[in-house]
Structure formats: C-alpha cells, structure tokens
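Visitor: I am new to this structure and would like a close look at one part of it, the aromatic rings. Could you walk me through them slowly?

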Amino acid sequence: MHPMLNIAVRAARKAGNLIAKSYETPDAVEASQKGSNDFVTNIDKEAERLIIEVIRKSYPKHTIITEEAGELAGEDQDVQWVIDPLDGTTNFIKRLPHFSVSIAVRIKGRTEVAVVYDPMRNELFSAVRGQGAQLNGYRLRGSNARDLDGTVLATGFPFKQKQYAATYINIIGKLFTQCADFRRTGSAALDLAYVASGRVDGFFEIGLKPWDFAAGELLARESGSLVCDFTGGHNYLLTGNIIAGNPRVVKSMLALMRDELSEALKR
C-alpha cells in the first residue's frame with residue numbers, strides 16, 4: 001500500500017468515527033453559519049483537528065489545505081494534503097445520514113492519493129494514481145452507459161451562487177429530457193465516488209472548491225471516468241465547474257449543456 005494512502009485511510013477513519021459517534025448525540029453538535037447558506041459545526045473542526053494530527057505525526061513538513069483552517073504551510077510545499085473533514089455538513093446538521101470525509105494528496109500539482117470515507121455505511125473509497133480505484137478493497141469500474149438514455153445523473157444545486165439559478169435549471173431541464181433521473185445527495189465527494197463505482201452514470205456541479213472534489217476526481221479517473229469542465233477542458237481546478245462520467249456520457253452532457261452556458265460558466 002502507498003505509505004501516504006495508509007496515513008490518509010487512518011486519518012479518514014479516525015475522523016469518521018468521531019462524526020458517526022456525534023451523529024448519535026445531536027445535542028452535542030453546535031452549528032454556525034460562515035457564509036450564505038454555508039454552515040460549519042464543532043464536529044467539522046474537531047474532525048479536521050484529528051486528521052491534521054494524524055498527518056503531522058507521520059509527515060510534519062507537508063503542507064495541509066483544509067476547508068475550515070485554510071492553508072497550513074509546511075516546509076515541503078511540493079506535497080499538499082487537501083482535506084474536507086465533513087463533506088455534507090448540512091445533511092449532518094439535519095440528521096440525514098449521507099456525508100463523508102475527503103482526503104487527497106497532491107504532489108507537485110498532481111493528485112496521487114485519494115480517500116473518501118462514508119462513516120455511516122463504513123464504505124471506504126480509495127485510489128492511487130495509476131493503480132485503479134477501490135471500495136473496501138474491491139476494484140471499481142464506472143458506468144458503461146452508451147449514451148444518456150436510461151442514465152441516472154448526480155448533481156448539486158449552486159446554493160452558494162444563486163446568480164446561476166436560471167442557467168442551472170435550464171441545464172437540468174435539457175439533461176432531464178434525455179436521462180432517466182437525477183440524484184441530489186448533498187455530498188460532492190460521495191457523488192464522485194458513486195460515479196467511480198457506477199452507482200450514478202454522471203455528475204455535474206457549479207463552483208465547487210478544491211477540497212470538495214480533489215479526492216473524488218482521482219477516484220472517478222481511476223475507475224475509467226472522464227473529468228472535465230463545462231467546455232470539455234481542464235479549467236475545473238480553478239473554477240470548480242465540473243463534469244464526470246464515462247467518456248460517452250460526458251460527451252452527451254457537454255453537447256446538451258453547450259447552448260445554455262453563460263460566459264462565466266465557459267471559463
């Protein structure tokens with residue numbers, strides 16, 4: 001096993017155990033709003049602290065980028081751990097049992113290791129660049145859909161960027177005429193893990209942050225899926241506008257979305 005994957009798994013499980021335990025005791029959860037429709041809890045922060053502790057013990061010089069604490073620069077800038085301690089905080093607050101811990105390791109700008117852990121189902125998705133993706137040790141393959149007919153697509157509403165509401169609804173409308181159905185689960189990291197495992201055939205979302213998709217992107221790629229921005233390029237690392245699925249599904253999604261995109265979403 002890749003040594004950094006080993007540490008990522010250990011950190012994800014430790015954080016996941018805390019989150020699962022806290023789910024059982026809702027009175028101990030303190031939530032606050034950090035932005036428009038954007039919530040954080042004491043559990044996000046505590047889970048993040050546990051993850052950082054595990055990483056620092058083995059790799060004290062690495063840089064860590066987290067959703068809550070921002071960038072914790074280390075002596076070694078070439079290795080970055082990109083962490084979302086609780087992806088799906090709103091679900092967690094509402095006691096809807098669908099959320100995950102997401103940890104990715106980027107070395108010189110390339111994601112090499114990924115872990116997405118669902119503590120409620122004890123499902124651990126993992127990937128190492130060039131070695132495929134796994135779920136609890138079993139090899140993953142993405143969907144083999146030939147086009148959008150009969151597919152189930154996952155998405156997330158742009159709830160932090162409602163200026164895109166009309167465009168987004170138009171895109172959904174276009175896609176819905178061709179696909180079978182949609183899922184909107186509330187955790188982008190798990191959506192991408194589900195693309196990797198073929199549970200959904202494709203995924204798109206507007207304006208994600210790096211910690212939302214860094215791990216899920218590698219899972220999807222390593223399962224044979226394509227990940228790109230809304231014009232088929234690689235700018236999603238900057239914009240967070242992301243599409244994932246097998247190449248045929250992505251091609252069909254891009255073709256249908258093209259005419260609906262505003263200039264801002266073409267970047």
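How many aromatic pairs does the count come to?

Guide: Happy to show you around. This is a predicted model, in which local features need pLDDT of at least 70 and side-chain atom pairs count only at pLDDT 80 or more, while totals for chains, interfaces and linings use all residues. Residues are numbered from 1 along each chain as its sequence is written, and side-chain values use heavy atoms, with hydrogens and water left out.

A pair of aromatic rings is described by the distance of the centres and the angle of the planes. Rings of Phe, Tyr and Trp (its six-membered ring) pair if their centres lie within 6.5 Å; planes under 30 degrees apart count as stacked, over 60 as edge-to-face and the rest as tilted. By this rule the count comes to ten aromatic pairs.

Let us visit one of them. The ring centres of Tyr59 and Trp81 are 5.9 Å apart and the planes stand at 35 degrees, so this pair is tilted. It joins distant parts of the chain, 22 residues apart: Tyr59 sits in the loop between α2 (42-58) and β3 (62-66), and Trp81 in strand β5 (residues 76-87). Helices (H or I, at least four residues) and strands (E, at least two) are DSSP runs, numbered from the N terminus. Tyr59 is buried, with a relative accessible area of 18%, and Trp81 is buried too, at 0%. Here buried means under 20% relative accessible area, exposed over 50%, and partly exposed in between (1.4 Å probe, protein chains only).

Now turn to Phe213 and Tyr236. Their ring centres are 5.9 Å apart with planes at 65 degrees, so the pair is edge-to-face. This pair also links distant parts of the chain, with Phe213 in helix α6 (residues 210-222) and Tyr236 in helix α7 (residues 236-239), 23 residues apart. Both Phe213 and Tyr236 are buried.

Rings can also gather in a group. Phe157, Tyr168, Phe204 and Phe230 are linked into a cluster by ring pairs.

Finally, look for charges beside the rings. A charge sits over a ring if NZ of Lys or CZ of Arg is within 6 Å of the ring centre and within 35 degrees of the ring normal. Arg95 lies over the face of Tyr23, 4.4 Å from the ring centre. Over the face of Tyr194 you will find Arg199, at 4.8 Å from the ring centre.
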